[in-house]
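This report describes one protein chain, part by part. Look at the sequence and the structure first, then read on.

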Amino acid sequence: MSTKAERTTQYIIETVAPIFNKHGYVGTSMSHLTEATGLTKGAIYGNFENKEALALDAFQFNRKLLLNKVDELLSVDGNSLDKIYSLINFYRQYDVFTLQMGGCPILNIGVDAQHNNSMLAAANKETIKEVEGKIALVIENGVNADEMKIPVPPLQFAKQLYTILQGAVAMATMTRDRKYLVNTMAYLELLVKKEITK
């Protein structure tokens with residue numbers, strides 16, 4: 001059973017995670033945080049050392065949601081190609097999945113933190129590497145099981161695949177046109193079928 005303090009801390013993190021994601025570290029003001037949580041500045045910072053610690057915990061919350069979803073997608077029944085198709089299909093609706101989070105945490109925090117918060121930038125980079133590693137493992141297993149062929153090492157292929165996925169996210173976000181997601185995923189499915197299916 002969690003204590004009242006632990007529940008308050010969790011409530012704050014869950015409430016402010018979309019705000020930091022949407023407005024960025026610098027763009028998130030104390031009034032954003034107090035208004036969203038209904039708590040005073042003192043009550044918020046009674047649970048966190050400073051704004052940087054709160055922003056990092058907020059990112060870690062969104063990161064966990066995303067990584068859990070990626071794990072779920074890459075562990076569907078079937079062979080390695082089924083798992084890759086599962087991930088690609090998810091990205092057709094990625095904007096819907098990240099709506100409650102305030103948008104894509106990888107894109108939003110990754111760009112925002114580059115020049116103003118090295119801890120957040122490092123956490124974001126680590127998350128990217130983790131996602132790429134998960135994809136690479138599925139591809140490596142597929143190659144070893146003779147389910148797919150790839151022209152480059154699994155991690156390199158995973159990085160390129162994730163670059164295309166995140167590129168579509170970036171374009172859909174900047175233009176507010178989800179066709180970038182839908183059309184890119186359709187293209188990726190054809191590419192996978194043509195280039196790596198045995």
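## Overall layout

Helices and strands are taken here as DSSP runs, a helix having at least four residues and a strand at least two, and they are numbered from the N terminus. The structure is a predicted model. Along the sequence, the chain follows the pattern α-α-α-α-α-α-α-α-α-α. That corresponds to ten helices and zero strands.

The C-alpha trace spans about 60 × 40 × 25 Å along its principal axes. The chain has 198 residues, and buried residues make up 41% of them. A residue counts as buried when its relative accessible area is under 20%. Contacts can also be sorted by how far apart the partners lie in the sequence. Among contacts between residues at least 6 apart, 68% join residues at least 24 apart.

Helix α5 covers residues 80-92, which makes 13 residues. Does its length agree with or differ from what 1.5 Å a residue would give? The expected span is 1.5 Å times one less than the number of residues, so these 13 residues should span 18 Å. The end C-alpha atoms of α5 are 19 Å apart, which agrees.

How much of α5 is enclosed by the rest of the structure? Ten of its 13 residues are buried, so the helix is largely enclosed. The buried residues are Ser80, Leu81, Lys83, Ile84, Ser86, Leu87, Ile88, Phe90, Tyr91 and Arg92. Their cover includes α4 (51-73), α6 (94-99), α8 (118-144), α9 (154-175) and α10 (179-195). In general, an α-helix has 3.6 residues a turn, so residues three or four places apart point the same way.

At the N-terminal end, Asn79 caps α5. A side-chain oxygen of Asn79 lies 3.0 Å from the backbone nitrogen of Leu81. Ser80 belongs to helix α5, and Ser80 is buried, with a relative accessible area of 6%. A polar atom of the Ser80 side chain lies 3.2 Å from the backbone oxygen of Val138. Leaving aside neighbours within four places in sequence, Ser80 is in contact with Val138, Asn141, Gly142, Glu147 and Met148.

Arg92 is also part of helix α5. Is Arg92 buried or exposed? Its relative accessibility is 18%, and the limit for buried is under 20%, so Arg92 counts as buried. Not counting residues up to four places away in sequence, Arg92 touches Arg178, Leu181, Val182, Met185, Ala186 and Glu189. The C-alpha atoms of Arg92 and Thr184 are separated by 8.4 Å, although these two residues are 92 residues apart along the chain.

Is Arg176 buried or exposed? Its relative accessible area is 79%, and exposed means over 50%, so Arg176 is exposed.

## The largest pocket

The largest pocket holds about 480 Å³ of space. Of the 17 residues that line this pocket, the closest to its centre are Asp95, Leu99, Gly103, Ala172 and Thr173.

Which helix gives the most to this lining? Helix α6 does, with five residues. Both α6 and α9 supply at least two residues each. By class, the lining has seven nonpolar, five polar and five charged residues.

## The second largest pocket

The second largest pocket holds about 190 Å³ of space. Its lining consists of Pro151, Val152, Gln156, Phe157, Gln160, Leu161, Ile164, Leu188, Leu191, Val192, Glu195 and Ile196. The elements that give two or more residues to this lining are α9 and α10.

Helix α9 gives the most to the lining of the second largest pocket, with five residues. By class, this lining has nine nonpolar, two polar and one charged residues.

Terms used:
Residues numbered from 1 in each chain as written. Predicted model: local features only at pLDDT ≥ 70, side-chain atom pairs only at ≥ 80, totals over all residues. Heavy atoms only, no water. Buried < 20%, exposed > 50% of the residue type's maximum accessible area, 1.4 Å probe, protein only. Contact = heavy atoms within 4.5 Å. Polar contact = N/O pair within 3.5 Å; in protein donor to acceptor, adjacent residues only side chain to side chain. 1 Å grid on protein atoms, 1.4 Å probe; cavity = no way out; pocket = protein on both sides within 12 Å on 5 of 7 lines; lining within 4 Å. Points joined across faces, edges and corners; volume = space filled by probe spheres on them. Nonpolar A, V, L, I, M, F, W, Y, C, P; charged D, E, K, R; others polar.
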